[in-house]
Amino acid sequence: MYLNNGSVVRAMTIAGSDSGGGAGIQADLKTFAAFDVYGSSCITALTAQNTLDVLGIMEMTPEFVQLQLQSILDDIGTHALKTGMLSNENIIHVVAQTLQQYKITNIVVDPVMISKSGKSLLSYSAIQAMKEQLLPLADILTPNLPEAETLCGYPITTFEQCLQAAQDLASLGPRIVIIKGGHANEGDGPSSHVVDLVFDGENFTSFHSPRIPSHKTHGTGCTFSAAITAGLARGMNFLNAIASAKSFVQDAIEAATDWDVGNGYGPTNHSVAIRIAEGVVAGYSYIRKDGGWMRCEEISV
Ligand SMILES: Nc1ncnc2c1ncn2[C@@H]1O[C@H](COP(=O)(O)OP(=O)(O)O)[C@@H](O)[C@H]1O
Ligand SMILES: Cc1ncc(COP(=O)(O)OP(=O)(O)O)c(N)n1
């Protein structure tokens with residue numbers, strides 16, 4: 001187990017359970033283990049789910065969510081924490097309250113709203129609660145494109161709109177915003193490259209990778225945010241944590257391409273070695289120019 005100053009490094013996830021094992025709590029704990037970080041979990045909802053569909057959802061009561069959080073935080077503690085599926089505004093409320101009460105740092109908010117199979121994982125009325133109560137506590141916010149559109153209230157179809165959306169989301173409170181590009185299109189189909197755009201309140205960085213032509217992408221968002229959380233728990237700076245997470249997800253998709261788990265959007269393979277800041281992820285930084293942003297220096301984290 002990875003140690004920091006002799007102490008076992010710990011990370012925690014507050015999310016829903018995916019019975020199929022590809023997303024949610026299960027993906028998060030597998031990712032923490034791959035990063036050699038001790039993982040604890042608070043379950044917000046059970047989903048009866050496989051690679052094809054979400055067949056049912058049973059929510060926890062807010063009181064039981066709070067009891068799980070207290071049980072972990074009064075005894076084990078955590079160096080970083082992520083939230084995933086939170087289901088409703090009452091759960092969001094107790095989560096936000098408890099994170100403040102315990103002065104939790106290194107908070108990654110993955111604003112999970114809809115599964116790849118198209119089922120809602122967050123009630124519509126909870127979106128405002130997420131914006132008002134949770135986003136101000138987030139160190140890192142990791143929406144995919146449809147989630148960023150819902151939070152911003154406008155469509156994002158161009159790179160310029162994506163730059164604007166990241167700034168608008170940062171104004172709601174998170175220190176760093178990453179808009180993930182897995183859902184981006186080019187012409188009639190998916191984009192050839194997947195670009196994740198990072199805004200830290202002042203500067204933009206974009207991370208690029210070739211799109212892997214695979215349907216085994218169930219749980220990529222959960223895995224990505226869990227990998228960032230594990231990196232932060234290990235003491236990485238945010239850019240290194242994001243770069244490691246991006247290469248971990250890439251490797252996990254690649255390693256699952258010939259898997260026969262399920263008949264729909266199959267899970268990724270978390271049994272891959274982590275790569276920490278080896279200069280494997282190509283990225284770019286941006287400078288302000290003529291009232292907009294211009295891509296300039298190529299960076300390697
Ligand atoms: N086909 C793909 N090939 C390579 N990377 C991908 C692919 N699909 C998603 N990713 C990566 O997986 C992560 C999650 O992206 P995305 O699919 O946008 O989020 P979500 O799973 O929340 O919908 C991002 O880091 C993105 O770059
Ligand atoms: C229980 C649960 N939580 C989250 C998700 C969504 O996961 P995500 O990583 O965004 O991947 P897809 O499901 O969209 O492939 C989920 N499905 N279930």
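Helix α8 (238-254) gives the most to the shell around ligand 1, with four residues. In this predicted model, local features need pLDDT of at least 70 and side-chain atom pairs count only at pLDDT 80 or more, while totals for chains, interfaces and linings use all residues. Residues are numbered from 1 along each chain as its sequence is written, with chains lettered from A and ligands numbered from 1 in the order in which they are written. Helices (H or I, at least four residues) and strands (E, at least two) are DSSP runs, numbered from the N terminus.

Ligand 1 is surrounded by 19 residues, and the closest are Asn144, Lys180, Gly182, Thr220 and Gly221; a residue is near a molecule or strand if its C-beta atom, placed from the backbone, lies within 6 Å of it. Besides α8, both β12 and α7 supply at least two residues of this shell. By class, the shell around ligand 1 holds five nonpolar, ten polar and four charged residues. Here Ala, Val, Leu, Ile, Met, Phe, Trp, Tyr, Cys and Pro count as nonpolar, Asp, Glu, Lys and Arg as charged, and the others, Gly among them, as polar.

Turning to ligand 2, 20 residues lie around it, of which Gly16, Ala23, Gly24, Lys116 and Gly221 come nearest. Strand β3 (10-18) provides the largest share of this shell, four residues. At least two residues each also come from β4 (38-49) and α7 (220-233). The shell around ligand 2 divides into seven nonpolar, eleven polar and two charged residues.

A second hairpin is formed by β12 and β13, with four residues between the strands, and in it Gly201 takes a positive phi near 100°. Seven bridges join the antiparallel strands β12 (residues 193-199) and β13 (residues 204-210). His193 stands opposite Pro210 in β13.

Among the helices, α2 (residues 62-75) has 14 residues, which at 1.5 Å a residue should span 20 Å; its end C-alpha atoms are 20 Å apart, so the two values agree. The expected span is 1.5 Å times one less than the number of residues. Just after α2, Gly77 takes a positive phi of about 75°.

Key. Pairing = 2+ DSSP bridges.
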